[in-house]
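Dear colleague,

Please find below the structure for your review. My findings follow directly after it.

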Amino acid sequence: LQYVCEMRGWLGKCASRHRAAPRSGRHDHRQSRYWSVLSGGKLFLYKNWRDTPKHVFDLLLCTVREPRNVPERFCFEIISPSNSAVLQAETASGMAAWTQVIQNATGKALDAQMPRLAPGGGVGATQNCEA
């Protein structure tokens, strides 16, 4: 089986999940839009694709899940030991694709760290990724 481990596209990044405006009591869910590139086991978020990335997530120890208490649609949360962010895809199918590709890339990065115990592919099934 081949697993896709690279992807590019626009993602929104929620500025704050729980920050309340001082007087209104309403939650502040501002977003920034980023050109996002998942390649080489890392997720890069660019404000302008010509510049250096504003955010980089090493996917080796990341997990991706549906966020809690976020009213926007098509959101997913990426969590690493040092950072986390709530990101928003443009569509439901886009959200599903991003979460699957992030999981594939994380699995590939973990698999690369595992010792090879058997001639047929190590401890578990090996994920071969194609661009």
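The pLDDT is the predictor's confidence in each residue, on a scale from 0 to 100. This is a predicted model, and the chain has a mean pLDDT of 80, with 74% of its residues at 70 or more. Confidence is highest in strand β4 (residues 42–46), at a mean of 95, and lowest in strand β9 (residues 128–130), at 54. Over residues 17–28 the pLDDT falls below 50, although the model gives this stretch 17 contacts beyond near neighbours in sequence. Residues 121–128 likewise stay under 50, with 20 contacts beyond four places in sequence. Where pLDDT is low, the predicted coordinates should not be read in detail.

As to the fold, the chain contains 1 helix and 9 strands, which follow one another in the pattern β-β-β-β-β-β-β-β-α-β. An open sheet is formed by 7 strands in the order β5-β4-β3-β2-β8-β7-β6, with antiparallel pairing. Its edge strands, β5 (55–58) and β6 (63–65), each pair on one side only. On average, neighbouring strands of the sheet are turned by 30° against each other, direction ignored.

Arginine 65 stands opposite glutamate 77 in β7.

For the chain as a whole, 35% of the 131 residues are buried. The accessible surface is about 8,300 Å², and carbon and sulfur atoms account for 51% of that area. Of the contacts with a separation of 6 or more, 42% join residues 24 or more positions apart.

With kind regards

Methods
Residues numbered from 1 in each chain as written. Predicted model: local features only at pLDDT ≥ 70, side-chain atom pairs only at ≥ 80, totals over all residues. Heavy atoms only, no water. Helix = DSSP H or I, 4+ residues; strand = E, 2+ residues; numbered from the N terminus. Contact = heavy atoms within 4.5 Å. Pairing = 2+ DSSP bridges. Axes fitted to C-alpha atoms, helices over the stretch in contact; angles between N-to-C directions. Buried < 20%, exposed > 50% of the residue type's maximum accessible area, 1.4 Å probe, protein only. Areas by Shrake-Rupley, 256 points an atom, 1.4 Å probe, with all protein chains shown as cover.
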